[in-house]
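Subject: Structure handover and notes

Dear colleague,

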Amino acid sequence: MSSEKKTWSRRNFLITAGAAGAGSLLFPRSGQADQSTSNEDAPSPIRVPKRPLGKTGVEVPILSLGGAIDLVSRQLLLRQALKWGVTYWDTAASYTRSEEGIGAYFSKNPQDRTEVFLATKSSARDAFGMSMALDSALERMNTSYVDLYLVHMLGSIEDLFPYQPVVRWIEKTKKAGKIRFFGFSTHKNMEACLLGAAKQGWIDCIMTSYNYRLMHTDRMKAAVEACVQAGIGLVAMKTLAEGQVKTNTEAELELAGRFVQRGFTGAQAALKAVWENPHITSICSQMPNLNILSANVAAALDRTRLTERERDLLHRHARETCSGYCAGCAGICEAQTDGHVPIGDVMRYLMYARTYGNRDLAGTLYGDIPPDVRERITRVDYTRAERMCPQNMEIGRLMKEAAMELG
């Protein structure tokens, strides 16, 4: 596309989104409009770019709609996402009224089903459980198939062991036309999960926590490269890298000023940092309203790259605030406590409550922890876990605060 057409496209999208007045949609100064541009130069309708999903032979948009929200009451959001090319929709059985919302949309708009790359997840780990979960999901979503079925929240690839029954289920279910591709999502021990999956040969896609805090470690780089070599598609989540403790640093303040001058927000910059890795197929983002959807679409459309100084500042900010962010390496800290306590999960729930503002979801997930385990949370000695934590987090304090806030 010519620079003139790109400029027109940004201006047109800004007007279409209707969110600029609230300051929720920002574009680089280089994207300001030339008022003399004619309609003859107008580009095709706004569509988010696509990338190949590993070895599947399918391309999906680089921005996908995270469905951990009530989609029954957000039918307009689904329609607008489709219009802007956000055609990869992610949901799960555990997301309240999410699959039902997608089902309501397909019931009214059956012609749109083939345009959507639909992914759902369940916590089932065996063939019988996965079959039950999938059939229920298909009924709720008013569809005969999903494009991607993910086992939810794996902490180790061995959670699917023995592998052969799972592999047979995958082959049988693909042959029946109920799923096109198979994979898993992971919030903790991500690098080990990715490295383990790369050795299997039957995993098509992985949704993993991945952001500017995690992407530069040697272990994460090696894990991503292993998946690339194995042809596994990678979808990033938790890309804003928000933690359990609010922190402010000089690097963060400088970044905020630079981003405003360049015409995008810190959240858009965090997305850009992930997209700069061409091996990340898509970012799954929870976008509960049109303002956030339009801001993220704007970031996906914009070709402005972060400068070397901005990347350095992001790295510095990550180092300076590491004690306020759980990096998901639960295998380290959880092995240091007497009696099993799901430190990684609790840290994630606390993040949902404090930085996402979703206390209902956080409380529900915390309540799903078995009562005897919840009772141990405030009594466990976390001294060894804190000593081993690479992030130097105050695990004991945060676990007790979680019990107070979410229990």
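Helices (H or I, at least four residues) and strands (E, at least two) are DSSP runs, numbered from the N terminus. This is a predicted model, in which local features need pLDDT of at least 70 and side-chain atom pairs count only at pLDDT 80 or more, while totals for chains, interfaces and linings use all residues. Residues are numbered from 1 along each chain as its sequence is written, and side-chain values use heavy atoms, with hydrogens and water left out.

The loop between β6 and α5 holds Met153, a residue that has a positive phi of about 60° although it is not a glycine. Met153 is partly exposed at a relative accessible area of 27% (buried means under 20% relative accessible area, exposed over 50%, and partly exposed in between, with a 1.4 Å probe and protein chains only). Pro162 also lies in the loop between β6 (146–151) and α5 (163–175), and a cis peptide bond with omega of about 0° joins Phe161 to Pro162. Most residues other than glycine have a negative phi, and most peptide bonds are trans. Ala241, in the loop between β9 (233–237) and α8 (250–262), has a positive phi of about 60° and is buried at 4% relative accessibility.

As for the interior, a nonpolar core is a set of buried Ala, Val, Leu, Ile, Met, Phe, Trp, Tyr and Cys residues joined through side-chain atoms within 4.5 Å. The largest one has 82 residues, and Trp89, Tyr149 and Phe182 have the most contacts inside it. Helix α9 (residues 266–275) supplies the largest share of this core, 6 residues. A second, separate core of 27 residues includes Cys333, Ile369, Val380 and Ala402.

The structure holds 26 salt bridges (a side-chain nitrogen of Lys or Arg within 4 Å of a carboxyl oxygen of Asp or Glu). One of them pairs Asp147 with Arg180 at 2.7 Å, N to O; because Asp147 lies in strand β6 and Arg180 in strand β7 (residues 179–186), the pair ties together parts that are 33 residues apart in sequence. Asp147 is buried, with a relative accessible area of 2%, whereas Arg180 is partly exposed at 36%. Arg258 forms a salt bridge with Glu310, with the closest N and O atoms 3.8 Å apart, and here Glu310 is buried at 0% relative accessibility, while Arg258 is partly exposed at 25%. Finally, Arg354, Arg359, Glu394, Arg397, Glu401 and Glu405 are linked in a network of salt bridges.

Best regards
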